[in-house]
Structure formats: C-alpha cells, structure tokens
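Here's a quick tour of a few local features worth a look. Have the viewer open and follow along.

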Amino acid sequence: MLTRVIGKCMDKLLRWHQKYTNENLKKAFASCGQRVMISPDARIWGTHGITLEDDVIINAFTHIFGAGRVHIGARTLISTGCSIASITHSEQLATRTWGIESPVTIGSDCWLGTGAIILPGVNIGDGSIIGAGAVVTKDIPPGCLAVGVPARVVRKLEL
Ligand SMILES: CC(C)(COP(=O)(O)OP(=O)(O)OC[C@H]1O[C@@H](n2cnc3c(N)ncnc32)[C@H](O)[C@@H]1OP(=O)(O)O)[C@@H](O)C(=O)NCCC(=O)NCCS
C-alpha cells in the first residue's frame, strides 16, 4: 500500500519536473510557436539558434544542434531518433574543433521519418517527407518524398 502511494507521488513529481523542464526549454528558443510538443527524451542544444513555428512535434531521442540556426515550420513532425545539425567542422586539423555555423531550414507540414539525419546547411521544402533512416546532404524541394543515403527524391507527393 505504502509503496503504491510513494510510486504515485514519484510519478506525479516526475511529470511535474518534465513539464517544468519543457516549459523552460521552450522559453530558451529564439522563438517558439503555440502548441509545440517536445518529448522529454529529446535532446536539444544551442536553443538560442532555434525557431519553431506552431504545432511542431519533436519525438523521443531526437537530437538537435541548434547553435548554427535551425528553423522548423508549422505542423512539421519530427519522428523518433532523428538528428538535425547546424554546426559543422573544418577539415584543417588546426581549426577542426571550431564550430562552423550552417543553418538548417525545415519547411511547414514536413515529416521526418524515424532516424532521419539532416546535415548542416540543408533546406527542406514545405510538405516534403524524408524517409526513415535517410541522410539528407542537399536541399530537398517542396512536396517531395526523399529516401536513402544520401537522400534522393523518389517521387512528388500528391498533397
Ligand atoms: C517515407 C515512407 C512513408 C515512404 O513509404 P512508401 O510510400 O511505401 O514509399 P514508396 O513506395 O514511394 O517507395 C519508393 C521507393 O523508395 C524505397 N523506400 C521507401 N522508404 C524508404 C526508406 N525509408 N529508406 C530507403 N528506401 C525507401 C521503396 O523501397 C521504394 O523503392 P523501389 O522503387 O526500389 O521499390 C516510408 O518508407 C517511411 O520511411 N516511413 C517512416 C515511418 C516512420 O518513421 N514512422 C515513425 C512514426 S512517426
């Protein structure tokens, strides 16, 4: 009985902590729209460089390096385990540890399948879908399905 009560209290405390951390995270972004949902298991760095529009969803185990600027458009869905990086590094050994900023833009109404990797400098057009496990190295036009490593457009979507 006592164990169950303690368990319930711990659950409540954990949920409160997650909500509090989530609200603080949203305040740390350069801007954050309404009804944005971010899993407590997502990891987001460089929050000052990140802008999120309304109704963005970021699922668990997704990792974002935002210091070089990341913009995510309205209603875009980021599945589990994705990676978005806006910082790259030089080939030169003397300067390799210095971060080089390279902004990423993901349009509105996009969907990134689970495990998709978006490399620095990439722009993904509105409404496009990136297949699970894709590595996006170059810009993807709007309204397309892109899959694979490196990601290639395989067809136009009927939106
Ligand atoms: C993007 C996705 C929806 C596309 O599915 P689809 O409509 O069945 O794809 P298509 O039939 O148009 O596929 C076209 C080609 O791309 C290939 N393909 C599809 N998805 C692929 C992927 N993720 N990686 C590599 N190739 C893929 C198909 O095998 C097909 O190749 P073929 O022409 O040689 O047979 C799906 O593959 C996907 O990645 N879904 C993500 C699911 C997910 O992440 N869920 C998490 C919950 S949010």
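## Ground rules

Buried means under 20% relative accessible area, exposed means over 50%, and partly exposed covers what falls in between. Keep in mind that this is a predicted model.

## The aromatic pair

Let's start with the rings. There is one aromatic pair in the structure. The ring centres of Trp16 and Tyr20 sit 5.4 Å apart with their planes at 15 degrees, so this pair is stacked; the cut-off for stacking is under 30 degrees.

Both partners belong to helix 1, and because they are four residues apart there, about one helical turn separates Trp16 from Tyr20. How accessible are they? Trp16 has a relative accessible area of 55%, so it counts as exposed. Tyr20 comes in at 47%, which makes it partly exposed, since that value lies between the 20% and 50% limits.

## A nonpolar patch

Next, the surface. Leu2, Ile6 and Met10 make a nonpolar surface patch of about 330 Å².

Met10 is part of helix 1, which covers residues 2-28. With a relative accessible area of 54%, Met10 is exposed.

## A threonine in a loop

Now over to a loop. Thr47 is found between strand 3 (43-45) and strand 4 (50-52). Is Thr47 buried or exposed? Its relative accessibility is 16%, so Thr47 counts as buried.

Which residues does Thr47 touch, leaving aside those up to four places away in sequence? The contacts are Leu25, Ala28, Phe29 and Ala30.

Methods
Residues are numbered from 1 along each chain as its sequence is written. This is a predicted model: local features need pLDDT of at least 70, side-chain atom pairs count only at pLDDT 80 or more; totals for chains, interfaces and linings use all residues. Side-chain values use heavy atoms; hydrogens and water are left out. Patches are made of residues with over 30% relative accessible area and no salt bridge: like charges are joined within 9 Å, nonpolar side chains (Val, Leu, Ile, Met, Phe, Trp, Tyr) within 5 Å. Accessible areas come from the Shrake-Rupley method with a 1.4 Å probe; for residues, only the protein chains shown count as cover. A salt bridge is a side-chain nitrogen of Lys or Arg within 4 Å of a carboxyl oxygen of Asp or Glu. Helices (H or I, at least four residues) and strands (E, at least two) are DSSP runs, numbered from the N terminus. Buried means under 20% relative accessible area, exposed over 50%, partly exposed in between (1.4 Å probe, protein chains only). Rings of Phe, Tyr and Trp (its six-membered ring) pair if their centres lie within 6.5 Å; planes under 30 degrees apart count as stacked, over 60 as edge-to-face and the rest as tilted. Contact means heavy atoms within 4.5 Å.
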